[in-house]
Amino acid sequence: MIAKLTLRNLAAHKLRLALTAIAVILGTSFIAGTLIYADTTNKAFDELFNEGTKTSDVVVQARKAFQGTEQGDEAAAKPIPASALATVRRVPGVSDAVGQVMGFAAIVGKDGKPIGGGGPPQFGMGWGERLSGYHLTTGAAPAGDHQVAIDTVTAQKTGFHVGDQVRIVTRGPAEPYTLSGIFTVGEKGTTGGVTYAAFQESVAQRLLLEPGAYTQIVAKAADGVTPAELAARIGTAVPRDFEAITMRQAADDAASDVKQFLGFLSTFLLTFGVISIFVGSFIIFNTFSMLVAQRTRELALLRAVGAGRRQVTRSVLGEALGVGLVGSAAGLLAGAGLAAGLRALFQAFGADLPTTSMVITSGTVIWTFGVGLVVTMVAAYFPARRAAKIPPVAALRDDVAMPARSLRMRALVGGVLLVAGGGLLATGLLGAGIAYVGGGALLVFLAVAMLSPLFARPVTRVLGAPFRRLFGATGRLASENARRNPRRTSATASALMIGMALIATVSVLATSMNASVDKALDASLGADFQISAGGSFGPAATFDPSVSADVARVPGVASATAMRYAQVKMGAELRNVTVGDPVKLAAPFKLAAESGTLALRDGQVLIDASTAEDNKWAVGTRIPSQYADGATATLTVAGVYKDNPMAGSYLMGETAYAAHYPSKQIMAILVVKRADVSAAQVKTALAATLKPYPNLTLQDQSDMKDQVRSNVNQLVMMITALLVLSILIAILGIVNTLALSVIERTREIGLLRAIGMGRRQLRSMIRYESVVISVFGALLGVLVGVGFGWAIQAGLASDGVDVLSIPVGQLAGYLLAAGVVGVLAAIWPARRAARMDVLRAIATQ
Amino acid sequence: MTYVTAEILAPTADDAFRTAGPLAARASGVTKVYGMGDASVTALDNVTLGIPSGRFTAIMGPSGSGKSTLMHCLAGLDAVSSGQVYVGDVELTRLDDKRLTRLRRDRIGFVFQSFNLIPTLTALENITLPMDIAGVKPDPAWLDTVIDTVGLRPRLGHRPSELSGGQQQRVACARALAGKPDIIFADEPTGNLDSRSGAEVLAFLRSSVREMGQTVVMVTHDPVAASYADLVVFLADGRIVDQLAAPTADRVLERMKGLDR
């Protein structure tokens, strides 16, 4: 019987429940979309990396002491001598083996700009179809010093045809080559954004590596020999500097980096899904509260005719179950669409990831339904419990109203939550970790939501004042309506508060970061120009050291310092070390010594003040260290310098680096101009010198600042865009609350219309109410957000974010935007109210 | 059978009202049909009626006689199926929603059976609400007079939930009067009140007619309430079937019994 009633109620309140379901859908679809996207992309990468296992079984590569994660990692790889290839071929069980040459080669498009480089590597290689996944489709293999072959995808993108002149950048300046042929990569022919340029082997060795050497050797096992066996045999045969692993292992290693990144990305995205569903839970809570309040009489009647409390609770929870099921199912479907959208979005940002058919795992389904159902049921539980408390006698009373409860309990619980949340947040910021920060923020949100009814009346009174003043009776009615049920107003506003708070937090952090960076750069940027390669990691980020010499000869240049970045294990941790000429390092960074010297000698490092403090290191401390090639050394601290964001935390001389890194490539040049020459003049001269290197970027001081700023701003924009989802859900909440309020106040609206309120005035009234609620929510959010931003900035002060900057104008803009949100949210409820038939409205019971 | 048709009575009623002076509102051949085809119900059937200015008119009739519909049509709350309705010289049946709303606001006052007040506004704010909506200042002297007449001065700052049913209804009457409307429509104003509170409200409506020259039209099914009026119009099955001047409760009851038969 109760089940039947539940179904009838679901059918009777279709529209209101649909709005609630949309809140569930938006949250769950984001979770489902992220999971589907991550699974699909993972599978695509597996397929991509497994291509290699189809053509060969074992790969021989340079041994590394540790798997570095940063740029410069590749520089440590030792080239494999041709003699090793002969050794491998002689190993019993090897049916075939070839040496492969790989490195950086950017194909310059017809517009003079290098293709790709935004993430996926730009590969240069020695041509060979044996034991490889490359197959010529048109033309011939590259032969001689002046021929190149490129992949089909790049050929199509650039419009190059066989016979065309194509400029290619390798280590040196761009050189013209004749396009001899076009080839496909792997079985599918997709490249996932990677560009390929192939040369004759000897040419590739000279351009990309060193004559007669290989980057890796791949081998195919004879029948009856397993890849693992073969890897073991080859491993013992090749010199100690190299290792042999199965192709499967190599694929997994390669994929693990990407998967780690994807894991980070999906956690990042899932966070926003969780935020959305958290915001959605407020709306679910509010809708069910209002539905229960409106059905007080009906529920009392049920109780009067003998329904038990638990039956009433179950009937309300049953409705929630229905909403949760429908919402989650639709969310899963929408998630599939979202996953496709995400792919398109990343593609638009230049991250052209490989593709495969969409993967929807049972895990995705379980998570989507689990989260959707649990959140809906939990949010509806409290209204359901209230419903059960309605006394049967309420059915007989004319003026039914839920018993007003005291706010004291709320104040108490909210206060406790606030203290607990603040404590957790502080603990997290003091170093306990991000989980504490998140948990603390969650508790603070709940606390503010619980406490907000306490100050909803006075605050909305102030917010409503302009409306009273400006719009007379309409404004006064609107402002009173916003105040009449502080719990409802607060719950509606709280949904908006969360999204706004997070956006405000990000804004405060971003401006603080930018201000801190500006301050730091002003103090530590001695260089007038920086020259760097366009690629973001790997060999693409490096270029020939001869550029540095060229630049140093440009008139007006006082000094040009070539920079490299390396990872060195010092103590137990991998550290990012800046490498350069010790004599020339101080000037471009305005390096200031705190103790010791800035002049480096072999076997010495410089560290910054906070590193010295954190590790309790000082001048003369001897640090046991290890380089990427496995060699160990003891590094002595020669000096401690004032924290310098441009230089980083560790500085090392070139000589020590050169001994352990076979690649002579550099990663940046810092240029200081002579004081008597204008910056513009030097910049023009530098640009002319760099003309043959289309992959290099020349930045002056303001460009460098802009770059840091744009990195921060890009992240902020991305996060804000993702948070807009939760704002969207909050808008739905306002729509829902207003629509339900309009239904609740049908008779009142009828009366207003009867005594002469026009439709337009009625619409304005609802619009103003909506604006007051929205701005109230945004105000709460901005206040909480500034608090969070300040707390996090304080927590990061020692990590370089030492300036607190509150973007007052931007935050005021958010409040204004909230007003617009209010206007938008009111459109539909206001139209509904204005369309009401006056007579029927008055006659409504 | 003492059934009298509207066609016979109408001229008589018109004559009676005409002698009483100018008309504040009138209905001419008004028919109101609800629904379509087989399911249609004729609520008003060719009703012609004048509401004399400065008088207290009661519209009576059994349930379903069409008395509320007649009032709704006269007040511009409901559209007629055919015929014309005038308030003063304005033909309501020709006005669009916007003009009708303005007419209700500026020239008509309402008192309903229940839910007459906006719960979020004080008594005084409720009284001045129609003028506030119109954006005009109330005449302070007149407002004072009205407030004193309904005897609510000490309760002006209270919200409706803090007032008794009788007090709420007196606030509603004050609101109807405060804008000096051409005509006040009261729909069963005493329906939800005990007899003492009801008598207060009725006495107040009558005194507003006698002393302030207000025009009041009241729909009721209570013969005692009708006895406060100057004229009573009887409706049955959507037609005007009788009228009575200077009514007493007993005479009204007698006529009603005749209608019910």
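**Cores, helix packing and domains**

In this predicted model, the largest nonpolar core holds 130 residues. Those that touch the most other members are A:Phe445, A:Ile498, B:Leu129 and B:Phe185. Helix α19(A) supplies the largest share of this core, with 15 residues.

The surroundings of A:Phe445 were examined with its neighbours within four places in sequence left aside. A:Phe445 is then in contact with A:Phe278, A:Met497, A:Ile498, A:Ala501, A:Leu502, A:Val784 and A:Phe788. Another core lies apart from the largest one. This other core has 44 residues, among them B:Trp142, B:Val150, B:Leu163 and B:Leu202.

Helix α19 (residues 701-744) of chain A also packs against helix α2 (residues 14-55) of chain A. Their axes come within 9 Å and cross at roughly 170 degrees. Angles over 145 degrees count as roughly antiparallel, and α2(A) and α19(A) are therefore roughly antiparallel to each other. On the α2(A) side, the contact is made by A:Arg16, A:Leu19, A:Thr20, A:Ile22, A:Ala23, A:Leu26, A:Gly27 and A:Phe30. On the α19(A) side, the residues are A:Leu722, A:Leu725, A:Ile729, A:Leu732, A:Val735, A:Asn736, A:Leu740 and A:Ile743. By class, this contact has 12 nonpolar, three polar and one charged residues.

Chain A is divided into four parts: domain 1 (1-55 + 247-399), domain 2 (56-246), domain 3 (455-525 + 702-845) and domain 4 (544-694). The C-alpha centres of domain 1 and domain 4 of chain A lie 51 Å apart.

Helix α5 of chain A spans residues 201-208. Its buried residues are A:Val203, A:Ala204, A:Gln205, A:Leu207 and A:Leu208. Strands of chain A are included in what covers these buried residues. They are β4 (102-104), β6 (122-126), β10 (175-185), β11 (195-199) and β12 (213-214).

A further position considered is A:Gly438, in helix α12 (residues 434-484) of chain A. A:Gly438 has a relative accessible area of 40%, and is therefore partly exposed. A:Gly438 and A:Leu425 are 13 residues apart in sequence. In space, the two are 7.4 Å apart, C-alpha to C-alpha.

Definitions and conventions. Residues numbered from 1 in each chain as written. Chains lettered and ligands numbered in written order. Predicted model: local features only at pLDDT ≥ 70, side-chain atom pairs only at ≥ 80, totals over all residues. Heavy atoms only, no water. Axes fitted to C-alpha atoms, helices over the stretch in contact; angles between N-to-C directions. Helix = DSSP H or I, 4+ residues; strand = E, 2+ residues; numbered from the N terminus. Parallel < 35°, antiparallel > 145°, perpendicular 65-115°, else oblique. Contact = heavy atoms within 4.5 Å. Nonpolar A, V, L, I, M, F, W, Y, C, P; charged D, E, K, R; others polar. Core = buried A, V, L, I, M, F, W, Y, C linked by side-chain atoms within 4.5 Å. Buried < 20%, exposed > 50% of the residue type's maximum accessible area, 1.4 Å probe, protein only. Domains from an automatic or database assignment.
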